[in-house]
Amino acid sequence: MSEPKAPIPAPGDTYKGWLFKWTNYIKGYQRRWFVLSNGLLSYYRTQAEMGHTCRGTINLATANIAVEDSCNFVISNGGTQTYHLKASSEVERQRWITALELAKAKAFRMQAESDDSGDESSPPAAGQGGGSRNSEVQSTLRTLGSKVEDLSTCNDLIAKHGSALQRSLSELEGVRLEGQTSEKIRQVTERATLFRITSNAMINACRDFLSLAQAHSKRWQKALQAEREQRVRLEETLEQLAKQHNHLERAFRGATVLPPSQSNPAIDNKGSAPVKGDASDEDDENEFFDACEDVQEFITVPADPKYHRSGSNVSGISSEMGMDDGTTSLDEQSVASNPESPQSQEVVPMRKRRARIPDKPNYSLNLWSIMKNCIGKELSKIPMPVNFNEPLSMLQRLSEDLEYYELLDRAAKCNNSLEQMCYVAAFTVSSYSTTVHRTGKPFNPLLGETFELDRAQECGYRSLCEQVSHHPPAAAHHAISERGWTLRQEIALASKFRGKYLSIMPMGSIHCIFEKSDNHYSWKKVTTTVHNIIVGKLWIDQSGEIDVVNHRTGDRCHLKFAPYSYFSRDVARKVTGVVTDKDGKAHFVLSGTWDEKMEYSRVMQSSRGGENGAEGRQKTVYQTLKAKELWKKTPLPDGAENMYYFSTLALTLNEPEEGVAPTDSRRRPDQRLMEQGRWEEANAEKQRLEEKQRTVRREREREANCSASPSEEAKEPADGALIEDSISDSPLKTEEVEIASEPSETTYKSGHQDNYKAMWFERRVDPATGEPTHIYTGGYWEAKEQGSWDSCPDIF
């Protein structure tokens, strides 16, 4: 059966229909509703969207239309927009191609007619843009000439056949026929002659049109060039206006808590969050709903000028906050000037720490080559290679929380608990600054593994971490400073793999106690999310809320880590917070980003403002003084991108040191081999450690007369695989394995399942929070001084 001929739409008609549009390599072609009208091709997800949401539009006047095969064709306007389309059949494709060509020709004519053809004062076409316009006009003229040639050919054929017809009819006139028949033949001859005259008139009119178009082509070029230059001038004017608007907005908000980079988030492109490619709707599950950005819980405005006094940001309010004249203000404290600091009493030569580690090797990883050798094995017993790791243990990563210990040093010098709270809150945020580029997974410690960070000489503090449990995995951390503060925490990690991303949820509390004031602060960590686990470049986000509580005074700081949103107009990685006393009165507002800096501003007055349209709640309006900097991130060392994006402190954590415990992470052989770039040897050593820890665990259970049945023992995850080093906690784990291996909040609080007693920590109930936690019992630093490590287990 022959294919039906595609009808040709009229040039002025609106053409509509379904086409398949290429989106990306994951989704491929997607069905979209296309509308061709007035020289514009627009598309929508459904017909219902035509009234309110257009996904994209391309102007056919400057577009190129190319046919790829029987069903596919491409529409492009020179690079900025390209639509790869596919019709359901060749007939349907031909209908669209015909409609598009007609619409393109009409759109070009309308564009030419709308130009001011009488504008002779415009400068001649010049530059790349003028050349492009000239090329388009010449191309159109060539097309018109081709069409006229076709018409001329048709006319020749008509003339030829018309002449033949006339000759035949003339011959008939010579034949003697009845009068009526002869009259009819004469009429036919006249009509044939008129037909030929009309055809000649048609071809002459077309030639006149071509001559006229060629004569006016320069005028068209001038008009197009003038329009282009006018558009450029308008763009420059708009850009200047945008800069002036941004400057005025910054000046207006200069006295508020918001940093200048947040005054115009549309211009601020800070951060390495994934950039959306096409401006259309084709990214993951982008449904173009109303913007779902987080609505701020409060608004800050500049305080009344009566609160400002020249020369000081806090004058006139010191008495309200309990500050004496001799007390250093919050933004002027300096640890370096502390007369009680040991550095000012005795000059001791400082140890020179290393500033580089071997560059990360560029080893390719074939995940299938790993998985194919594990067919038939229990998932929880499959170790993951070191390719996913960074050469630091989780204990060392936990010690990195002390990167900005100076914040606690300054907090220890504060006489006012609310000011002290600001520094403690900034310290909680600063601990996330090292994670922004750190997509490698740290080695999960072996049971009984420790890590000491002795910085008493340089920084005045000592830190000790120990892996106190393996089921669930938990690490205890204790740090004490000569400058009057103690930090302790016990952290266990739970993770959820949700297809596109991995959520890591720390469980446990962090405590900070200041010796001078006896203020006891506690808080929990927020959720860390690793995006693009399966496809794309990995990137990390922090989201959630933190409540820093002073258990002695009742003061509280509520911090909110805003999750990244494609629709949000706000700055990426934003953190906001409010410091309140026990009565709920706000005294400070904090703002910044967790990867760059934090600022504070003193609240002078607060009031209820307008309603939040999303929830119908009233927002609080804070009148604040000018923002001052609390904390700013230290730049990464040179070449950090080749050294796992380690900070200056992280580069020194795995540096070999004499006198550390035999269980210290620095002595872990697989981690050391990985740092040296010997990854194959590191993988072999890692498997040896895993098998050794499984053997030790079974022996410990036998000695303790463990009541677990053999079937239950066989289901335990690989001890050496360390939960996260096994496939059960890898980014590719299944939901069943996740349920079997991941610690829950209930499991964590109910107690540890290992028959193991920690060396340097003891499990107790925290008096401040009522939660069970491991607290340092002492003795480690004394054992180090004596070199007595006989009681340490042999775990390596």
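These are my notebook entries on a predicted model of one protein chain.

**Ground rules**

I number residues from 1 along each chain as its sequence is written, and I keep to heavy atoms for side-chain values, with hydrogens and water left out. As the model is predicted, local features need pLDDT of at least 70 and side-chain atom pairs count only at pLDDT 80 or more, while totals for chains, interfaces and linings use all residues.

**Entry 1: the whole chain**

I began with the secondary structure and found 16 helices and 27 strands in the protein chain. Both are DSSP runs numbered from the N terminus: helices are H or I with at least four residues, strands are E with at least two. Next I looked up burial: of the 796 residues, 47% count as buried. Here buried means under 20% relative accessible area, exposed over 50% and partly exposed in between, with a 1.4 Å probe and protein chains only. The chain exposes about 41,000 Å², and carbon and sulfur atoms supply 50% of that area. Accessible areas come from the Shrake-Rupley method with a 1.4 Å probe, and for residues only the protein chains shown count as cover. I also checked contacts (heavy atoms within 4.5 Å). Among those with a separation of 6 or more, residues 24 or more positions apart account for 62%.

**Entry 2: two nonpolar cores**

I then went looking for nonpolar cores, meaning sets of buried Ala, Val, Leu, Ile, Met, Phe, Trp, Tyr and Cys residues joined through side-chain atoms within 4.5 Å. The largest has 68 residues, and Trp485, Leu487, Phe514, Trp523, Leu559, Phe561 and Leu590 have the most contacts inside it. Helix α9 (residues 417–430) gives the most to this core, with nine residues. A second, separate core has 20 residues, including Leu36, Leu41, Trp96 and Ala99. I noted the general background too: in soluble globular proteins, nonpolar side chains tend to be buried together.

Leaving out residues up to four places away in sequence, Leu487 touches Leu402, Phe427, His477, His478, Ala479, Ile510, His511, Cys512 and Trp523.

How many residues of α9 are buried? I found 14 of its 14. From first C-alpha to last, α9 reaches 20 Å, close to the 20 Å expected at 1.5 Å a residue; the expected span is 1.5 Å times one less than the number of residues. At the start of α9, a side-chain oxygen of Asn416 comes to within 2.9 Å of the backbone nitrogen of Leu418.

In α8 (residues 406–413) I listed Leu407, Leu408, Asp409, Ala411 and Ala412 as buried. The buried residues of α8 pack against α9, β13 (473–481), β14 (485–497), β16 (510–514) and β25 (628–632).

I followed the pairing here; two strands pair if DSSP finds at least two bridges between them. Nine bridges join β1 (residues 15–24) to β2 (residues 28–37), which run antiparallel, with a hairpin of three residues joining the two strands. Lys16 has Val35 in β2 as its bridge partner.

β2 and β3 are antiparallel as well, over five bridges, and Leu36 stands opposite Leu41 in β3. Their hairpin has two residues between the strands, and Asn38 takes a positive phi near 55°. β3 (residues 40–44) pairs with β4 in the antiparallel sense over four bridges, where Leu41 has Ile58 as its partner.

**Entry 3: strands β21 and β22**

β21 (residues 574–580) and β22 form an antiparallel pair over seven bridges, with Val575 opposite Gly592. Between the strands lie five residues, and in this hairpin Gly584 takes a positive phi near 85°. I also found that eight of the eight residues of β22 (residues 586–593) are buried.

**Entry 4: Thr553**

Where is Thr553? I found Thr553 in the loop between β19 (539–550) and β20 (556–561). Its side chain makes polar contacts with the side chains of Asn550 at 3.1 Å and Asp555 at 3.0 Å. For a polar contact, I need a pair of N or O atoms within 3.5 Å; within protein, one must be able to donate a hydrogen and the other to accept it, and residues adjacent in sequence count only if both atoms are side-chain atoms.
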